[in-house]
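Thanks for making time. Have a look first.

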Amino acid sequence: MSIFTSIETMENNNQILRELAIKAGAETWEDRKKNQTPQCKFGEDGICCRICSMGPCRITPKASRGICGADAHAIAGRNYVRFIAGGAAAHSDHGREIAHVLHVSSKDGNYVVKDEEKLLKLANEWGVKTEGRDIYEIAHEVAEIGLMEYGKPFGELRFLSRATEERQKLWEKLEIAPRAIDREIATIMHMTHMGCTSDAEALVMQGMRTGLSDGWGGSMMGTEFSDILFGTPTPKVTEADLGVIDKNMVNIIIHGHDPAMSEMIVAASNQADLIDYAKSKGAHGINIAGLCCTANEITMRHGVKMAGNFLQQEGAILTGAVELIVVDVQCIFPALGPLTKCFHTKFITTSEKARIPDSEFIRFDPIRALDQAREIVKMAIDNFANRGSNVCIPSNKQKAVVGYSCEAIIKRLDTVTNSHVDVTGTYRPLVECLESGVLRGAVGIVGCNNPKVRQDLSHIGIMKELLKNDIIIVATGCSAQAAAKAGLLQKEAKELCGEGLRRVCELADIPPVLHMGSCVDISRILLLVTGIAKEWNVDVAKLPIVGCAPEWMSEKAVSIANYVIASGIDTYLGIEPQVKGSSQMMELITEGTRKMVGAGFIINMDPSKLAASIIEGIEAKRTALGI
Ligand code: XCC
Ligand code: SF4
């Protein structure tokens, strides 16, 4: 097998899965996409309003206003920020769930504190007394303060003080420094209620404020608390793509975003009695593989294999070799209900926030999660005997190195600089590479798959182009998994790089695409960029560092994109936000925000053109810096 996955292999695998679906009499997203085509133009342009029951109102050449008088800009603007509210709610609520788990952690409980150092650091940051106190007392107080960030009546979010001073001052000046997280989300819902805000610019400002409450609030807490509970990620070798499903094993797929339940599934699958039980049923053992961001979380900490990303969730089931799929929240196709019914696969939902017909619901309980996980693993083992004879697993899998938290990145950089010890523990070597031009820039490539473009090809095409041009990449979410499946997360991928980047990879012993985790872990990227800005003493907006979401689809992605631009990082989108029906909104999100926060969206559906404009944008920033 080649160390890189060719487009032919990808297409071949898709073909295999298509045939499997037809044979099973199952429908997939490709069939449903066809049935949905052509998609509603009003929706696509963002100019259908259903906010009150005088409507729905649509903007057409002969009807330039809704019944209440709202114009295209108001309607598209309101729809757009409601997207942000949905995304920030989902991300931040994930952070809240983890805070609750931290709040019930205990020495002999299911959930313990794995990274005491990180907890103590955060406790100090938040002014929690640590001296002479039990670690769990500290953990519970930190968790409670975190939970207060969601609903505190006064003040702004604590993590804002981690940003550069320039950013903090700018947010104050623009009045977009977020207050309590839930408040910002509620403010969007209120201001977009019938008869409130119809001024597009005001909507966009609140959109950024709410986005910031996600990135520098809910998501950042999600990441911090997960690290404290489950360990801060360190580099690990793993494998990715459907080929990780093993026909001789009991296969369990974990899917969703919140790692709490899946941490216990992994723990249960390592228990000797359950492994023996699996063997007694004729399997070689228990194989856990992940989808979407639950996979990212779990692989970062345990090296658990990744079965694939968002548009591959049905593919995993179609192999016929999955005994059980257990999901938590977000990005789970309702289609998995009927699809699993075509196979022996058991479908378990665990969150009251993701209830799905044709699944079995086991409500996650942090106090007895390990018992619940054992029960789920046992169900999978018992189901092994029911597997049909039609098992077909596409063979592709690639080696991948994952687990690059900021801490892990700094540790790698330290090995490069041990000649001058005074700079260890900083991003100095990275800054030097960027400043000297050995690296031309850095790009965070993130986000989903979207059937509007061919799966993974935008992610991979753009990555390869950037690598060639000495631009280092950090990746999260489904983008990181696209990279993993293509073989770009292995150190050998330095072959694809320009000379400068190749040298950096060799010196630091890293792959050129660094897997930084799940989508809430984009908060890690915020801290990475902030660290670089502080070390370099240059405002974030001036750095040769940008973000890119080539195949995004979710509301969360829009929330992310908004905190990224408000943090000063230009963001390149390969899918158009649904505001095209409003010239004012289009202007605001591309140029308008640039005047306010120094960054905006650059949109192009053609991946090669998008890659070219990223390179151009980075070079322009270098020129402006005089480097
Ligand atoms: Fe979901 Fe996070 Fe998007 Fe993938 S990248 S499709 S949001 S799993 Ni976040
Ligand atoms: Fe129509 Fe205005 Fe009601 Fe929207 S809020 S549905 S534009 S009347």
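One term before we start: a cavity here is a set of grid points where a 1.4 Å probe fits but cannot get out. And keep in mind that this is a predicted model.

The structure has four cavities of 30 Å³ or more. The largest cavity holds about 290 Å³ of space. Several elements give two or more residues each to its lining: H21, strand S14 (545–549), helix H22 (555–566) and strand S15 (571–573). By class, the lining has 23 nonpolar residues, six polar and one charged. Two domains contribute at least three residues each, namely domain 2 (242–386) and domain 3 (398–625).

Next, the second largest cavity. Its volume is about 90 Å³. It is lined by 13 residues, and those closest to its centre are Cys49, Cys52, Cys57, Cys68 and Arg78. The lining splits into 10 nonpolar, two polar and one charged.

What takes up that space? Ligand 2 does. The residues around ligand 2 include Cys49, Cys52, Cys57 and Cys68. Ile51, Met54, Gly55, Gly66, Ile67, Arg78 and Met194 are also around the ligand. That shell counts eight nonpolar residues, two polar and one charged.

Now the open side: pockets. The largest pocket contains about 950 Å³ of space. Its lining has 34 residues. Lys118, Lys121, Cys406, Glu407 and Ile410 lie nearest the centre. Here the classes are 11 nonpolar, eight polar and 15 charged.

Which helix gives the most to this lining? H21, with eight residues. Helix H5 (116–125), helix H9 (200–230), helix H16 (406–416) and helix H21 (522–536) each supply at least two. On the domain level, domain 1 (62–230) and domain 3 (398–625) each provide at least three residues.

Last, the nickel. How many donors from the protein does the nickel atom of ligand 1 have? A single one: Cys519, through SG, 1.8 Å away. Where is Cys519? In the loop between strand S13 (513–517) and H21.

To recap. Ligand 2 takes the space of the second largest cavity. The nickel of ligand 1 has its single protein donor in Cys519. H21 leads the lining of the largest pocket. Over to you.

Conventions. Residues are numbered from 1 along each chain as its sequence is written. Chains are lettered from A and ligands numbered from 1 in the order in which they are written. This is a predicted model: local features need pLDDT of at least 70, side-chain atom pairs count only at pLDDT 80 or more; totals for chains, interfaces and linings use all residues. Side-chain values use heavy atoms; hydrogens and water are left out. A residue is near a molecule or strand if one of its heavy atoms lies within 4 Å of it. On a 1 Å grid over the protein atoms alone, a cavity is a set of points where a 1.4 Å probe fits but cannot get out, and a pocket is an open set with protein on both sides within 12 Å along at least five of seven lines; lining residues have an atom within 4 Å of a point. A molecule sits in a cavity or pocket if more than half of its atoms lie within 2 Å of its grid points. Ala, Val, Leu, Ile, Met, Phe, Trp, Tyr, Cys and Pro count as nonpolar, Asp, Glu, Lys and Arg as charged, and the others, Gly among them, as polar. Grid points are joined across faces, edges and corners, and a volume is the space filled by probe spheres set on the points. Helices (H or I, at least four residues) and strands (E, at least two) are DSSP runs, numbered from the N terminus. Domain bounds come from an automatic or database domain assignment. Donors are N, O and S atoms within 2.8 Å of the metal (3.2 Å for Na, K and Ca); water is not among the atoms, so sites may look incomplete.
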